Amino acid sequence: MPLCCVFDATESGMDITAPILAIDDDRVFLDFLRMLLESEQYAVVTVASLAEARAWLATNRPAMVIGDARLADGPDFAVVDLVAELPGPPVPLLLTTAFPPARVARYVEADRCPGLSILYKPFAIEELLGHVARLLAPA
């Protein structure tokens, strides 16, 4: 599927001053995600581990987080707990995963993370951008 502009964040009236934090240990995917989101006028910070995410979050607050359910330096779904434990208002989380829906449902059924949206791999670019737009839309 070719890259194309399907959503222009600057025309939506969204406040996109805070960056999106993307967390994934697949650096090729992280680079792709950064380029895609930046082409849509989003500010993006990428980190390749939970440790890097914790360090960045210690002094920064993202507009939202896009995180993989499985990261090499933590247990499965650790990104859900990381985002749920952030102080202040809930930060939207787009959880990307190749886990089957039944396994995801067992873990996230407690609704520990308000603003959680799940995107199952493989996914279309338009689907990813739609989730981002919805999660960042003004309430």
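## Burial in helix α5

A residue is called buried when its relative accessible area is under 20%. By this criterion, I125, L128, L129, H131, V132, A133, L135 and L136 of α5 are buried in this predicted model. An α-helix has 3.6 residues a turn, so residues three or four places apart point the same way.

Helix α5 covers residues 125–136, and its length can be checked against its residue count. At 1.5 Å a residue, these 12 residues should span 16 Å, and the end C-alpha atoms lie 17 Å apart, which agrees.

## Overall architecture

The protein chain contains five helices and five strands. Read from the N terminus, its elements follow the order β-α-β-α-β-α-β-α-β-α. The chain has 139 residues, of which 44% count as buried.

Among contacts between residues at least 6 apart in sequence, 69% join residues at least 24 apart.

## Packing around α5

Helices α1 and α5 pack at an angle of about 65°, their axes being 12 Å apart. The crossing of α1 past α5 is right-handed. On the α1 side the contact involves F32, L33, L36 and L37, which meet I125, L128, L129 and V132 of α5. The residues of this contact comprise eight nonpolar, no polar and no charged.

## Backbone features in the loops

Most residues other than glycine have a negative phi, and most peptide bonds are trans. Against that background, the peptide bond from K121 to P122 is cis, with omega near -5°. P122 is located in the loop that links β5 to α5.

Two residues other than glycine have a positive phi: Q41, with a value near 75°, and F77, with a value near 70°. Q41 belongs to the loop between α1 and β2 (44–47), whereas F77 belongs to the loop between β3 and α3 (78–84). Q41 counts as partly exposed because its relative accessibility is 43%, a value between the cut-offs of 20% and 50%. F77 has a relative accessible area of 2% and is therefore buried.

Methods
Residues are numbered from 1 along each chain as its sequence is written. This is a predicted model: local features need pLDDT of at least 70, side-chain atom pairs count only at pLDDT 80 or more; totals for chains, interfaces and linings use all residues. Side-chain values use heavy atoms; hydrogens and water are left out. Helices (H or I, at least four residues) and strands (E, at least two) are DSSP runs, numbered from the N terminus. The expected span of a helix is 1.5 Å times one less than its number of residues. Buried means under 20% relative accessible area, exposed over 50%, partly exposed in between (1.4 Å probe, protein chains only). Axes are lines fitted to C-alpha atoms, for helices over the stretch in contact, and angles run from 0 to 180 degrees between N-to-C directions. A crossing is left-handed if the near helix is turned anticlockwise from the far one by less than a right angle, and right-handed if clockwise. Contact means heavy atoms within 4.5 Å. Ala, Val, Leu, Ile, Met, Phe, Trp, Tyr, Cys and Pro count as nonpolar, Asp, Glu, Lys and Arg as charged, and the others, Gly among them, as polar.
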